[in-house]
Amino acid sequence: MKDAVAGELAAAYHSAIVDRVRSNDYQYSAGRITIHLAREFGFCYGVDRAVDYAYQARRRFPGRNVFLTGEIIHNPHVNDQLRAADIRFLSDPGERWDTLGPNDVVILPAFGVTVGDMSRLVNQGCTLVDTTCGSVLNVWKNVVRYAQDGFTAIIHGKVHHEETRATASQALKYPRGRYLVVLDRAEAGIVCEFIRKGGDSATFLARFGDVTSPGFDPEPDLVRVGCANQTTMLMTESLEIGEMFRKAMTDRYGEGGLAAHFRAFDTICSATQERQDAVIALLDEHPLDLMLVVGGYNSSNTCNLARLCAERVRTFHIAEPDCLVSSSEIRYRPVGAPSTGKVLESAQLGWLPSSGTLTVGLTAGASTPNNIVGQVIDRLERFA
């Protein structure tokens, strides 16, 4: 059904202005403003495929109920477009899983679903359209291997994120499978110290009990570990955390014992890495007055792009063009805001200098369509 929905997708998400900026060496100038667009931004292959499959599914099964288990990607504009196409979200109020049956079509999002949810949908006889990203599937394969071999999966991720929950569930396919989720270097450091020196298990579980597999016991379950990550995390941080665990295991068991106690592999999504590399290159190449990062506030890869930018230049993470309220007011997600719960926007006046030349950097998370990026460019041009 790909050709059948191509026109609909282009009408919903294409941007002529983005095409022009790309063809002009990723630069756009108008009046006193110059915009530099990162060379890799917006929809990645996995997201593009997931959205495409959702539109195809709606066309392929006319007259049947079509559901998504939750947001297909973390972008409010895209999810609202799918709702408008009569695709129902099981995460929305009033929707129920227990009434699903053989006449229902259920789309699995790019993040994947847990092993338990997959089994439930299969047992209820639903027709499944699986859009799980290949990069996520690659992580799952390795986590399953850890479980088969009795290694605990140390997952660098956000425990409430759909992808991390789905990845963690893969570790439970085998009786010896265990997992522990660490959010950042600070949490990884605590676990590494326990590996080196041991400690009180009750104290450890009081700190990490909510992010471990059922029945987790740090004494035996941290003897052999393998590193994995949520694919949209900050690449440099995931690699550093992997190195922290390698060093902790070396300190505890020596170089000769490392292979028996530690495994690691690079599970950073190539698209995530490309977007992070591209924004670093943009910051290196151009002196900027400010940086705009466009994407859903619950989009992990977008939040990490904003973190990278904020280390170098004044940065605003905006969800949509309407966040650019006027040339004097902007609404945005503060960089580093908590990743759980509802993110409250902040507002700032005087965000855009009222006179003089202005150089703005622009990028977008992997779940942000081109039409949203184009609307941001158009609004910046009108303001300046």
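Colleague: Why does Cys 309 count as buried?

Modeller: Its relative accessibility is 0%. Buried means under 20% relative accessible area, exposed over 50%, and partly exposed in between (1.4 Å probe, protein chains only). So Cys 309 counts as buried.

Colleague: What should I know about the model and its numbering?

Modeller: This is a predicted model, where local features need pLDDT of at least 70 and side-chain atom pairs count only at pLDDT 80 or more, while totals for chains, interfaces and linings use all residues. Residues are numbered from 1 along each chain as its sequence is written, and side-chain values use heavy atoms, leaving out hydrogens and water.

Colleague: Which helix has Cys 303 and Cys 309 among its buried residues?

Modeller: Helix α13. Helices (H or I, at least four residues) and strands (E, at least two) are DSSP runs, numbered from the N terminus. Helix α13 covers residues 300–310.

Colleague: What makes α13 largely enclosed?

Modeller: Nine of its 11 residues are buried, so the rest of the structure largely encloses α13. Among them are Ser 300, Asn 301, Leu 305 and Leu 308. The buried residues pack against α12 (270–285), β11, β12 and β15. Packing here rests on contact, which means heavy atoms within 4.5 Å.

Colleague: How do you know that strand β11 is largely enclosed too?

Modeller: Five of the five residues of β11 (residues 290–294) are buried, so the rest of the structure largely encloses this strand. In a regular strand the side chains alternate between the two faces of the sheet. Both faces of β11 are covered: Leu 290, Leu 292 and Val 294 are buried on one side, Met 291 and Val 293 on the other.

Colleague: Which strands does β11 pair with?

Modeller: Two strands pair if DSSP finds at least two bridges between them. Five bridges join β11 to strand β15 (residues 358–364). Four bridges join β11 to strand β12 (residues 315–318). Each of these pairs runs parallel. Val 293 has Thr 363 as its bridge partner in β15. Met 291 stands opposite Thr 315 in β12.

Colleague: Is the β-α-β unit of β11, α13 and β12 right-handed or left-handed?

Modeller: Right-handed. A crossover is right-handed if, with the strands pointing away from the viewer, the path from the first strand over the helix to the second runs clockwise.

Colleague: Is Val 360 buried or exposed?

Modeller: Buried, with a relative accessible area of 0%. Val 360 lies in strand β15. Not counting residues up to four places away in sequence, Val 360 touches several residues, including Ile 33, His 36, Leu 290 and Leu 380.

Colleague: What makes β4 and β6 edge strands?

Modeller: They belong to an open sheet with the order β4-β3-β5-β6 and parallel pairing. β4 (88–89) and β6 (127–130) each have a single partner strand, so one side of each is left without a neighbour in the sheet. Strand β5 (residues 105–108) pairs with β6 over four bridges. Val 105 has Thr 127 as its bridge partner in β6.

Colleague: Why is Gln 170 called buried?

Modeller: Its relative accessibility is 5%, so Gln 170 counts as buried. Gln 170 is in helix α7 (residues 162–170). Leaving aside neighbours within four places in sequence, its contacts are Val 115, Trp 140, Val 143 and Val 144.

Colleague: What sets the phi of Tyr 26 apart?

Modeller: Most residues other than glycine have a negative phi. Tyr 26 is not a glycine, yet its phi is positive, at about 60 degrees. Tyr 26 is in the loop between α2 (16–23) and β1 (27–30). With a relative accessible area of 16%, Tyr 26 is buried.
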